[in-house]
Amino acid sequence: MERKSAMLVAVFAVWGASVFQEVSSAPADDYPYRNVSLSWDARVEDIVKRLTVEEMQMQMALGGPDGPAPAIPRLGIGAYQWGSECLRGDASAPGFATAFPQALGLAATFDYDLIYRVAEAISVEVRGKHNDFVKEKNFVWHTSASCFSPLINIMRDARWGRNQETYGEDPYLSGSLGTAYIKGLQGTHLRYVRASGCCKHMNVHGGPEDIPVSRFSFNAIVSEEDWRMTHLPAFKTCVDAGTLGLMCSYNRINGVPACANKKLLTDIARNEWGFRGYFTSDEGAVENIILWHKYFNNSLDTAVACANAGCDIEIAGDLNVLPHPVYFSLVEAVKQGRVTEATLRERVRPLFYTRMRLGEFDPPEMNPYSKLTSAVVETPAHKALAVEAAMKSFVLLKNDGGLPVTGFGTIGVVGPFGNTTKIFGDYSPVIPDENKSTVLQALTPLASKVQFAEGCDEVNDKCAKYDSQSVIKAVTNTDANFVILGTGIIYEAENFDRPDMELPGHQKQLLQDVLDHAGGKPTYLLLFNAGPLNISFAHQEPSVVAILECFFPAQAAAEAIRHVLLNDVPGAVPSGRLPFTWPLLASQLPPIVDYSMKRRTYRYFEGEPLYPFGYGLSYTTFEYSNLTHSQSITAGESLSLSFHLKNSGKMDADEVVQVYIGWRDTSLPAPKIQLARFTRVTIEAGQQVIVKLEVEAKIMGLWINDGWFIKPGSMDVFVGGQQPNQKRMAASNVLSSSFTITDMKYLGRY
């Protein structure tokens with residue numbers, strides 16, 4: 001989302017004092033919407049039917065930086081600000097919040113329960129701060145209890161700037177982790193939600209940001225098959241999880257802007273999926289229909305198209321470009337008969353339903369979440385959770401006996417990410433300085449002496465200026481060397497794609513200088529990045545004894561890295577798995593503007609990657625055996641699996657179990673292989689457990705012609721700690737079997 005250059009508009013000055021006008025509850029006490037014994041629908045309807053066209057226009061047009069949605073004093077309704085950034089902490093809001101690892105790192109945990117607990121902690125902090133903001137009458141942007149998170153677009157291209165915000169490249173994994181996030185965020189209370197979720201960006205949105213064209217004007221050309229089988233499934237899962245919001249994206253889809261796309265917002269989301277929540281635009285997406293897409297040339301036509309398509313809220317961007325939000329033309333649209341009053345009431349209905357579920361119109365004593373305050377920020381429990389999440393997110397890409405370590409005499413630590421706190425990634429909360437940490441702080445206790453050299457400044461000049469002599473000096477006469485490389489938000493983030501997969505600036509030369517001048521001493525490579533990098537030379541280099549992918553671990557970086565390198569606490573054995581395919585070369589990637597899934601992601605990849613989806617090493621080994629399941633199932637039945645899993649190594653550890661299925665009938669429009677189930681299992685050294693899992697029937701479905709079908713035929717099933725049949729694999733084995741689906745089942749349109 002969310003054009004960060006957008007100006008915070010002083011709403012009080014622009015739209016008048018009524019926005020913040022003191023609201024007395026006395027006149028509203030007799031309104032049925034205050035009657036807690038009535039149903040949600042009846043209470044919402046009581047509000048909606050009383051609104052004037054002008055009031056509905058204001059509720060739909062004023063959210064985000066130009067907000068809040070104004071108070072309606074005559075009805076006793078207060079102001080409400082839409083949209084907080086809650087991707088992995090309460091980002092952009094005033095004050096501090098716990099900074100959990102960036103989303104892609106969280107995805108690498110393959111841990112539903114962990115994502116749930118992280119989202120739960122985020123929402124506690126978001127709601128506590130929101131309650132205080134409301135008491136202070138502070139309605140600036142990002143003070144809301146309505147989160148514009150999670151981001152569940154598919155990581156379809158290694159160069160996309162926003163890969164770090166995703167849950168990886170697989171629709172099933174993204175949908176599963178998105179479900180965990182929504183359920184953890186919104187809470188388990190039978191009546192109230194703690195903070196409302198909003199899955200974004202819908203849809204067919206995964207680059208480019210700026211190379212070779214702007215995201216604001218990009219037209220994604222997608223086949224119905226790829227749209228249904230790759231881009232939509234995670235959002236359908238999010239709707240099934242109960243999300244209260246969805247966000248339409250900047251791009252066009254087959255020529256039609258997403259926020260004016262009736263097929264997407266109404267036909268698919270509302271009619272096929274049964275979505276009852278609200279659609280918000282991305283920041284500036286509605287005005288971009290005029291300014292960038294040139295789809296319409298005026299606000300009236302644009303407001304008509306978006307409102308009729310199903311967009312409930314416009315989050316306007318920079319009002320220096322347009323004089324007012326596009327939705328300020330809705331009153332005129334109604335006057336001209338181009339949008340009906342009934343349509344506007346339909347648009348505002350989910351807005352007030354969301355606020356109702358947040359408890360805004362109930363007595364505070366009824367809502368346990370109303371008692372939360374900013375005191376819940378950065379609690380010891382949340383800090384500990386951040387450390388756990390970071391440790392579980394690290395992916396061990398190479399280990400030739402170098403890890404775990406026990407300590408050193410002298411080590412060299414070099415690289416632009418060695419002594420910087422800029423390892424948080426995009427959309428990070430602000431944290432107190434005392435909670436920030438660096439890799440150098442993690443490594444210093446491992447040695448009697450540390451020789452450090454930055455080599456180049458990644459943060460300020462992308463490693464354009466390189467001091468080779470300082471690097472060579474730092475790695476001379478050492479027992480081992482740690483090279484700390486990566487990207488950071490100056491190189492890959494919202495608004496910035498990468499032109500290629502190369503290490504930025506002089507980072508490759510820095511690593512080569514270490515290898516050339518360290519006298520063959522062990523070299524450990526730690527990476528802080530999102531999109532894959534060209535490190536094939538490092539993997540092949542014998543003196544590089546270990547490569548650890550750390551993503552953007554945020555505030556817990558130092559503690560988590562130290563624990564994983566030493567394996568000195570429970571849960572420190574690396575257990576992360578890549579949630580994306582790491583190509584060997586950028587030439588394996590199609591152009592970023594090509595939205596065909598051919599050659600993209602593990603499901604359709606051609607050739608050998610450097611590291612496959614689902615890959616990750618451990619300090620121990622695992623053995624799978626005794627796989628049993630039904631040999632034949634009827635279409636629509638789930639497949640029950642049972643197998644033995646043994647930790648055959650010497651260290652207690654977590655194993656990420658991965659189940660894949662494949663269709664033997666090559667005439668079907670099926671991916672080559674599909675992740676169908678995953679789970680984490682903690683196993684003590686030498687212990688064997690029996691694991692039972694079910695593959696749901698819907699994962700066997702394919703979009704054929706105009707609907708989802710489960711077709712009869714033979715299927716392959718694979719069970720292991722990694723993707724099967726890969727050139728580069730972990731030490732554990734993969735079990736393979738097959739089963740038959742009888743009959744055919746139509747699953748409908750979804």
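An open sheet is formed by three strands in the order β2-β4-β5, with mixed pairing. The structure is a predicted model, in which local features need pLDDT of at least 70 and side-chain atom pairs count only at pLDDT 80 or more, while totals for chains, interfaces and linings use all residues. Residues are numbered from 1 along each chain as its sequence is written, and side-chain values use heavy atoms, with hydrogens and water left out.

- The edge strands β2 and β5 (256-257) each pair on one side only; two strands pair if DSSP finds at least two bridges between them.
- Strand β4 (residues 252-253) runs antiparallel to β5, and two bridges join them.
- Arginine 252 stands opposite proline 257, a residue of β5.
- Helices (H or I, at least four residues) and strands (E, at least two) are DSSP runs, numbered from the N terminus.

**The sheet β1-β3-β6**

- Three strands in the order β1-β3-β6 make up an open sheet with parallel pairing.
- Because β1 (198-202) and β6 (278-281) stand at the edges with a single partner strand each, one side of each has no neighbour in the sheet.
- Neighbouring strands of this sheet are turned by 25° against each other on average, direction ignored (axes are lines fitted to C-alpha atoms, for helices over the stretch in contact, and angles run from 0 to 180 degrees between N-to-C directions).
- Three bridges join β1 to the parallel strand β3 (residues 245-248), and cysteine 199 has leucine 246 in β3 as its bridge partner.
- Helix α9 (residues 262-272) packs on the sheet and touches β1, β3 and β6, where contact means heavy atoms within 4.5 Å.

**Salt bridges**

- The whole structure contains 39 salt bridges, each a side-chain nitrogen of Lys or Arg within 4 Å of a carboxyl oxygen of Asp or Glu.
- Glutamate 224 forms a salt bridge with lysine 263, with the closest N and O atoms 2.8 Å apart.
- Glutamate 224 lies in helix α7 (residues 224-231) and lysine 263 in helix α9, so the pair ties together parts that are 39 residues apart in sequence.
- Glutamate 224 is partly exposed, at 26% relative accessible area (buried means under 20%, exposed over 50%, partly exposed in between, with a 1.4 Å probe and protein chains only).
- Aspartate 312 and arginine 270 form a salt bridge with closest N and O atoms 2.7 Å apart, and both residues are buried.
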